[in-house]
Amino acid sequence: MESKAVPTVELNPIGLSLADYAGRPSTLCPGCGHNMVSNAIQAAVYEMGILPEKIIKMSGIGCSSKSPNYFLQRSFGFNSLHGRMPNLATGASFADTSVKVLGISGDGDSASIGLGHFKHVIRRNVPMVYIIENNGVYGLTKGQFSATTDLGLELKHQGVNVLPPLDLCMEAILSGASFVARAFAGDSKQMKEIFKAAFAHDGLAIVDVISPCVTFNNKDESLQSYTFGRQNVSPLQDIKFYLEHQREQILDFADGETREVDMPDGSVIVLKKTASDYDPTDRMAAFQMLAESYTERHFITGLIYIKRGTTTVHEHYDLVDEPLNRLSVERLRPSKAALDEINTRFG
Ligand SMILES: Cc1ncc(C[n+]2csc(CCOP(=O)(O)OP(=O)(O)O)c2C)c(N)n1
Ligand code: SF4
Ligand SMILES: [Mg+2]
C-alpha cells in the first residue's frame, strides 16, 4: 500500500509554527492594506523566534487599531483610546520590562488626535515598536481627511483637501527617534524585513506603513493608494535582516555594495545599495531625502534613519532589572528608615 506523505510544519528557533502566531479571522474589508501588515507582523515575529507571550500589543481606535486582533492571538493586547496608545504603551513598558511592546496605530490616531502623544513617546525613547498603518483617511468613521491626506486630493464625499499633509517620518526624526522606516503594504517582503529590524532595535522604532484603504481612499492619484504606491515606489535600499545564528548567510545576499548595521542582540541589518548610495545614519540627509521625495512625488521606502546606543526611558529612570509588576508589596514599599531619610531631606 502506498504511504501518504505527511506535510511537515516548519518550526522556528523556539519550536513554534507560523500558526502559533496567527490571530482571529480579519473582519476588515477584503484588500485592506492593514491585513497585509498583520500578516507581515505574524511572519516577522515567527521568524525572529520571539515567544508570542513576550509581546504586548497596544493600540488606539480605528480600523488599524482593531487589527491587533488579527495576529498574535497568544500575546496580550490592550485596545485603548483614540490617539492615546503611546501613553498606555509607556505605562505597560514601565510595568513590565520583560515584554516587548508593539504599538499599532493609524494616521488619524497618530498624526491627528494623537500627534502630541506620538511626539512625546518618541522624545522619551520608550523601547517599543511603533507601527502606523497610514491610509491618509479616517477609515473606521467612513473616510474623512486625516493629517496625512495629500494636499489637493479630491474624494467623493469629502471634496478637496486644502491642508498640507504631515510626514510622520519627518515628525519622528525631528522628535529624536533613533529608528525610522517606511514600508508599503503592497511589498510584504520588504515590510517583514523592516519589522524584524525594528524588533531588534534597542529604543523606540517607528515604522510608517503606507497601507491603502480600498474603500475610502483608493483613487489612483492618491499618495496612499496601491496604484500610486506600485507606480512610484522607490526603495532606498534592498534590506535584509539576519539573526545572530544566520550571519553566515549574509554572503548569499551581499553581492554588490552593502552597508551593515549591527544590532545589540548580535543580529544584523544588511542594506544593499540600489540606484543611489543613501546613508541612514545621516540625520540631515534623511530630512533632505524626505522633503525631496514629497515634492518630487517619489514614494520612498526602507530604513530612513538609524542611530544606535541611545538612552531609553528605562535607563533614564534607572529601573531595576526585575519587572515592577512582579515585585512584592514589601519590596515596592520603602522601609521606615528609607522614608525617614527622604523626609529628613525635605525637612
Ligand atoms: C476621542 C475620539 N474622537 C473621535 C473618535 C471617532 N473616531 C474613531 S476612529 C477615528 C479615526 C480613525 O482613523 P485612523 O487612525 O487613521 O484609522 P483607520 O480607521 O484609518 O485605520 C475617529 C475620528 C473617537 N473614537 N474618539
Ligand atoms: S474602511 Fe478602509 S481602513 Fe477600514 S477596513 Fe475597510 S479598507 Fe480597511
Ligand atoms: Mg487612517
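Tutor: The account begins with helix 5, residues 115-124, whose buried residues are His 117, Phe 118, Val 121 and Ile 122. Here a residue is buried if 20 or more other C-beta atoms lie within 10 Å of its own, exposed if 12 or fewer, and partly exposed in between, with C-beta atoms placed from the backbone. Helices (H or I, at least four residues) and strands (E, at least two) are DSSP runs, numbered from the N terminus. Viewed down the axis of helix 5, the buried residues fall within an arc of 135°, so they line one face of the helix; the arc is that of the directions from the helix axis to the C-beta atoms.

This is a predicted model, in which local features need pLDDT of at least 70 and side-chain atom pairs count only at pLDDT 80 or more, while totals for chains, interfaces and linings use all residues. Residues are numbered from 1 along each chain as its sequence is written, and chains are lettered from A and ligands numbered from 1 in the order in which they are written.

The buried residues of helix 5 pack against helix 3 (85-95), helix 4, helix 6 (168-174) and strand 10 (205-210). Contact between two residues requires their C-beta atoms, placed from the backbone, to lie within 7 Å. Of these partners, helix 3 can be described in detail. The axes of helix 3 and helix 5 come within 8 Å and cross at roughly 30°. Such axes are lines fitted to C-alpha atoms, for helices over the stretch in contact, and angles run from 0 to 180 degrees between N-to-C directions. Helix 3 and helix 5 are therefore roughly parallel to each other, given that angles under 35 degrees count as roughly parallel, over 145 as roughly antiparallel, 65 to 115 as roughly perpendicular and the rest as oblique. On the helix 3 side, the contact involves Pro 86, Asn 87, Ala 89 and Thr 90, which meet His 117, Phe 118, His 120, Val 121 and Arg 124 of helix 5. By class, this contact of helix 3 with helix 5 has four nonpolar residues, four polar and one charged. Ala, Val, Leu, Ile, Met, Phe, Trp, Tyr, Cys and Pro count as nonpolar, Asp, Glu, Lys and Arg as charged, and the others, Gly among them, as polar. After helix 5 comes Asn 125, with a positive phi near 55°.

Helix 4, another packing partner of helix 5, also gives the most to the shell around ligand 1, with four residues. In total, 19 residues surround ligand 1, the closest being Gly 62, Ser 64, Gly 106, Gly 108 and Gly 139; a residue is near a molecule or strand if its C-beta atom, placed from the backbone, lies within 6 Å of it. That shell comprises seven nonpolar, nine polar and three charged residues. Gly 139 also belongs to the residues around ligand 2, which include Cys 29, Cys 32, Cys 63 and Cys 213. Around ligand 2 the division is eight nonpolar, four polar and no charged.

Leu 72, in the loop between helix 2 and strand 2 (76-79), has a positive phi of about 45° although it is not a glycine, and counts as buried with 25 C-beta neighbours inside 10 Å. Pro 165 lies in the loop between strand 8 (159-160) and helix 6, and is buried, with 20 other C-beta atoms within 10 Å.
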